[in-house]
Amino acid sequence: MDKVLVLDFGGQYNQLVARRVRECNVYCEIYSYRTDIETIKGMNLKGIILTGGPNSCYEEGAPTYSKELFELGIPVLGLCYGAQMMQHVLGGKVERAAVQEYGKTEISVDTGSELFSNVPAETVCWMSHFDYISKMGPGFKSVAHTKDCPVAAAEDVSRRLYGIQFHPEVLHTPEGTKMIYNFVRNICGCAGDWKMDSFVENTVIALREKIGSGKVLLGLSGGVDSSVAAGLLARAVGKQLTCVFVDHGLLRKNEGDEVEAVFGKGGKFDLNFVRVNAQDRFYAKLAGVNEPERKRKIIGEEFIRVFEEEAKKIGSVDFLAQGTIYPDVVESGLGGESAVIKSHHNVGGLPDFVDFKEIVEPLRNLFKDEVRKAGLELGIPKALVMRQPFPGPGLGIRIIGEVTAEKVTIVQDADYIYRQEVDKALEAYEAENGKPAPWKPDQYYAALTNMRSVGVMGDERTYDYAAALRAVKTIDFMTAEAANIPFDILQIVMNRIIKEVRGVNRVFYDLTSKPPGTIEME
Ligand code: XMP
């Protein structure tokens with residue numbers, strides 16, 4: 001299979017670059033710019049993309065790469081910092097720009113360049129830089145410019161070296177994916193054979209080979225990743241797989257039963273499925289606990305204890321399977337260059353006392369959207385595969401303050417109504433307009449605040465909790481904006497929650513961006 005390397009210079013969009021490449025059906029991996037040349041030579045690459053980064057390439061100690069990288073005969077595309085660094089190393093000059101370009105910028109491109117084939121001569125790009133290429137290295141010519149930037153893209157066709165000053169990977173560059181396609185498919189000549197049906201097929205074969213007649217244990221959380229991992233493993237080794245599904249009582253309404261319907265007896269897959277109904281155990285541990293980090297810790301630890309107890313009953317296994325996906329690998333610092341930003345861990349972690357020989361992580365190379373495609377390919381129901389992200393500690397961090405069984409029911413019911421109405425409105429919009437609603441949130445849920453207030457219901461005075469509705473638009477979940485859900489939909493939700501959910505007499509809509517807020521409330 002053709003492979004492209006995304007060499008990470010610390011840019012915030014590095015994963016996005018890799019995803020765009022994969023969208024062109026080309027397999028790629030992210031590695032730090034510290035990766036040595038011998039390793040790179042051994043990768044059998046079709047192309048190399050250098051990402052952006054926060055530095056100035058002419059400063060001492062700035063991330064760089066030796067000239068050899070550009071002499072391998074492999075096509076190289078530098079993006080933003082990557083483009084500047086390429087010029088810096090190959091005899092050009094990069095300087096601080098008199099006019100800093102930031103945001104959507106009009107650009108003229110040379111449509112004769114292979115990089116811009118099928119791109120209109122006048123288009124828009126997303127700029128984000130302080131420095132600019134004031135002089136190109138020998139052999140390069142400029143193939144794009146903006147009002148303030150004479151070299152918005154440069155190429156040396158004979159050496160197959162390309163640089164783009166802007167960010168083609170972000171949505172604000174509408175023709176950007178086409179440019180990346182032009183590079184990986186046309187310039188690098190990748191066949192475009194990275195497809196999810198062949199991924200599933202090949203992975204099943206590889207898993208069979210690796211596992212042989214061994215026993216596999218998987219902790220199933222009901223989330224997308226572990227569900228798809230379960231589906232893949234079940235297809236590969238069937239009854240050799242045991243899935244332990246711990247219901248911690250902090251799942252969304254009906255979620256436990258939905259998971260059981262797919263993976264349990266009579267479901268689609270032929271595996272050993274163990275459901276542990278540990279709700280009471282978790283509620284007992286959480287009684288009287290208010291502090292968010294403490295709650296997270298209790299839930300995480302208890303989850304591992306329950307899982308271990310079940311694992312002990314099963315006895316020793318050969319493999320412990322995990323639903324690790326590619327962003328987990330990159331973010332944990334193993335792949336790329338970016339710092340570890342998220343400190344939270346999935347519930348599950350690595351149990352200390354499970355007796356196994358090896359770990360299998362069949363989704364380790366996939367992005368989330370690819371995991372979903374693989375899930376659909378495996379025949380896992382759409383409702384499960386397309387599920388929005390849900391935190392490991394579940395409703396435990398969507399109930400502010402102490403968690404009780406009663407509060408769990410309240411938040412489950414409110415959340416169910418909210419999702420039902422939003423989904424209904426989203427579907428109606430799409431049916432009518434043939435495209436998703438512009439306000440379509442990437443994550444939305446109801447939470448239960450710890451605030452009680454006075455209200456009236458009929459003739460009676462009430463003193464009940466306030467529910468909070470959250471909905472965000474985000475690309476990477478690191479930053480987010482509140483989604484602009486139409487007011488009439490919010491009002492329907494509010495009316496239904498107050499009418500149908502006992503214990504709630506007030507509904508708030510959370511407008512907070514991230515930062516300074518977070519997406520979850522605790
Ligand atoms: P925050 O609240 O950090 O959330 O802005 C960012 C994204 O991460 C999810 N999230 C978690 N996911 N375990 C998880 O698996 C966790 O402990 C956890 N905490 C937050 C959150 O739902 C959002 O998508």
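**Basis.** I worked from a predicted model, in which local features need pLDDT of at least 70 and side-chain atom pairs count only at pLDDT 80 or more, while totals for chains, interfaces and linings use all residues. Residues are numbered from 1 along each chain as its sequence is written, and side-chain values use heavy atoms, with hydrogens and water left out.

**Sheet.** I looked up the strand order and found 9 strands in an open sheet, S2-S1-S3-S4-S9-S8-S7-S5-S6, with mixed pairing; strands (E, at least two residues) and helices (H or I, at least four) are DSSP runs numbered from the N terminus, and two strands pair if DSSP finds at least two bridges between them. Strand S2 (27-32) and strand S6 (122-135) are the edge strands, each pairing on one side only. I noted that S1 (residues 3-8) runs parallel to S2 and is joined to it by 6 bridges, with Leu7 opposite Tyr31 in S2.

**Helix across the sheet.** I then found helix H1 (residues 14-23) lying across S1, S2, strand S3 (47-50) and strand S4 (76-79), at about 160° to S2; axes are lines fitted to C-alpha atoms, for helices over the stretch in contact (heavy atoms within 4.5 Å), and angles run from 0 to 180 degrees between N-to-C directions.

**Helix pair.** I checked helix H13 (residues 405-433) and helix H14 (residues 487-500), whose axes come within 9 Å and cross at roughly 150°. H13 and H14 are therefore roughly antiparallel to each other (angles over 145 degrees count as such).

Terms used. Parallel < 35°, antiparallel > 145°, perpendicular 65-115°, else oblique.
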